[in-house]
Amino acid sequence: MPWRTRIVSTGDGLPAAMAVDFLALMKPRVMALAVFTAFVGMLCAPAPVNPAFALAATAAIALGAGAAGVLNMWYDMDIDAAMSRTAQRPIPAGRVAPSDALNFGLLLATVSVMMLEILAGWLPALLLAFTIFFYVVVYTMWLKRSTPQNIVIGGAAGALPPVIGWAAATGSVGIEGLVLFLIIFLWTPPHFWALALFKVGDYARAGIPMLPNVAGEAATRRQIFVYSLLLAPTAVLPWAMGFAGGLYGAASAILGAGFIWHAWKVLAFESEDRRPAKALFAYSILYLFAIFAALLLDALTRHAIGLA
């Protein structure tokens with residue numbers, strides 16, 4: 001198939017990398033969620049957005065998100081090799097040389113920031129550069145290996161894309177953009193701690209101080225429930241603050257109730273039963289997508305009838 005064409009020889013004894021391997025380095029599923037929330041942030045902003053501009057700016061943000069994923073995989077190749085769910089990633093599996101991954105990630109980061117600066121100005125470009133730096137240097141190189149609060153603090157990087165989108169559309173951050181940031185920031189710990197509960201052995205083998213490995217599973221389940229209680233009302237704020245309509249408010253309230261219910265099941269069940277944690281992890285992915293899809297639908301509707 002054409003997309004599997006070999007594009008580079010590693011030059012150090014490894015098999016030649018394929019286009020699909022470099023795409024995998026960009027963490028396409030994570031990148032897609034970041035790009036989607038950035039696009040929603042752009043469309044929610046109270047400013048008319050040219051479709052061509054929105055597409056180009058979203059592409060720049062996508063390249064930046066991909067760069068962060070590549071550089072994360074480059075630095076974490078030792079951790080990835082020790083974990084069952086990541087051992088077949090391109091670098092630990094020997095399909096991409098570390099030097100090639102590093103060069104690819106730095107190239108993507110440079111191109112993405114320059115592209116966004118040309119399209120939208122210095123503020124969104126600066127926010128994108130900071131996001132890449134924070135995810136790679138602060139989270140990947142420092143927090144991830146040093147503290148069980150790695151996900152809490154490091155979650156700021158994953159929460160910034162809608163702020164970048166908002167800034168690209170308006171030239172400023174705005175309280176509304178910060179609310180979108182807060183939704184993802186509060187969503188991140190229960191999402192990843194649910195994963196950590198049923199992958200606790202993997203993280204232990206890799207030496208990553210995830211909360212269940214350090215504070216215990218009971219404490220982790222309590223923290224998941226606390227964050228869920230904070231997340232659910234926070235997600236209703238776009239409606240309460242008037243930059244989303246009543247349908248979004250109802251949808252976010254229902255989705256938030258579902259999140260709390262799943263978190264309660266994680267809290268109430270014995271730690272040996274991994275099913276509630278797996279169910280919460282799956283629901284959390286659906287939840288974040290649905291929240292931002294509802295915001296997008298609301299924004300498109302408001303633009304269509306001239307309210308935004």
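1. Terms first. Buried means under 20% relative accessible area, exposed means over 50%, and partly exposed is in between (1.4 Å probe, protein chains only). By that scale Arg-205 is exposed, at 55% relative accessibility.

2. Basis. This is a predicted model, in which local features need pLDDT of at least 70 and side-chain atom pairs count only at pLDDT 80 or more, while totals for chains, interfaces and linings use all residues. Residues are numbered from 1 along each chain as its sequence is written, and side-chain values use heavy atoms, with hydrogens and water left out.

3. The Arg-205 pair. Arg-205 forms a salt bridge with Asp-202, at 2.3 Å from N to O. A salt bridge here is a side-chain nitrogen of Lys or Arg within 4 Å of a carboxyl oxygen of Asp or Glu. Both residues sit in helix α10 (residues 200–206), three residues apart, so about one helical turn separates them. Helices (H or I, at least four residues) and strands (E, at least two) are DSSP runs, numbered from the N terminus. An α-helix has 3.6 residues a turn, so residues three or four places apart point the same way. Asp-202 is buried, at 3% relative accessibility.

4. Salt bridges overall. The count comes to seven. One of them joins the side chains of Asp-21 and Arg-95, at 2.8 Å from N to O. Asp-21 lies in helix α1 (residues 19–25) and Arg-95 in the loop between α4 (77–82) and α5 (98–120), so this pair ties together parts 74 residues apart in sequence. Asp-21 is buried at 8% relative accessibility. Arg-95 is partly exposed at 28%.

5. Arg-145 is partly exposed, with a relative accessible area of 30%. Asp-78 is partly exposed too, at 44%. Salt bridges link Asp-76, Asp-78, Lys-144 and Arg-145 in a network.

6. The core. Which residues touch the most other members of the largest nonpolar core? They are Ile-183, Tyr-287 and Phe-292, in a core of 95 residues. Helix α15 (residues 275–304) gives the most to this core, with 13 residues. A nonpolar core is a set of buried Ala, Val, Leu, Ile, Met, Phe, Trp, Tyr and Cys residues joined through side-chain atoms within 4.5 Å. Leaving aside neighbours within four places in sequence, Ile-183 is in contact with residues including Leu-231, Pro-238, Tyr-248, Leu-288 and Phe-292. Contact means heavy atoms within 4.5 Å.

7. Helices α14 and α15. Helix α14 (residues 246–268) packs on α15 at an angle of about 170°, with the axes 10 Å apart. The two are therefore roughly antiparallel. The contact takes in residues including Tyr-248, Phe-259 and His-262 of α14, and Tyr-283, Tyr-287 and Asp-298 of α15. By class, this contact has 17 nonpolar, five polar and two charged residues. Axes are lines fitted to C-alpha atoms, for helices over the stretch in contact, and angles run from 0 to 180 degrees between N-to-C directions. Angles under 35 degrees count as roughly parallel, over 145 as roughly antiparallel, 65 to 115 as roughly perpendicular and the rest as oblique. Ala, Val, Leu, Ile, Met, Phe, Trp, Tyr, Cys and Pro count as nonpolar, Asp, Glu, Lys and Arg as charged, and the others, Gly among them, as polar.

8. Helix α8. Nine of the 10 residues in α8 (residues 161–170) are buried, so the rest of the structure largely encloses this helix. Among the buried residues are Pro-161, Pro-162 and Trp-166.

9. Thr-37 lies in helix α2 (residues 28–44). Is Thr-37 buried or exposed? At 2% relative accessibility, Thr-37 is buried. Not counting residues up to four places away in sequence, Thr-37 touches Pro-161, Pro-162, Ile-184 and Phe-292. Gly-158 is in helix α7 (residues 150–159) and is partly exposed at 42%. Thr-37 and Gly-158 are 121 residues apart in sequence and 9.8 Å apart, C-alpha to C-alpha. Gly-158 and Tyr-227 are 69 residues apart along the chain, and 16 Å separates their C-alpha atoms.
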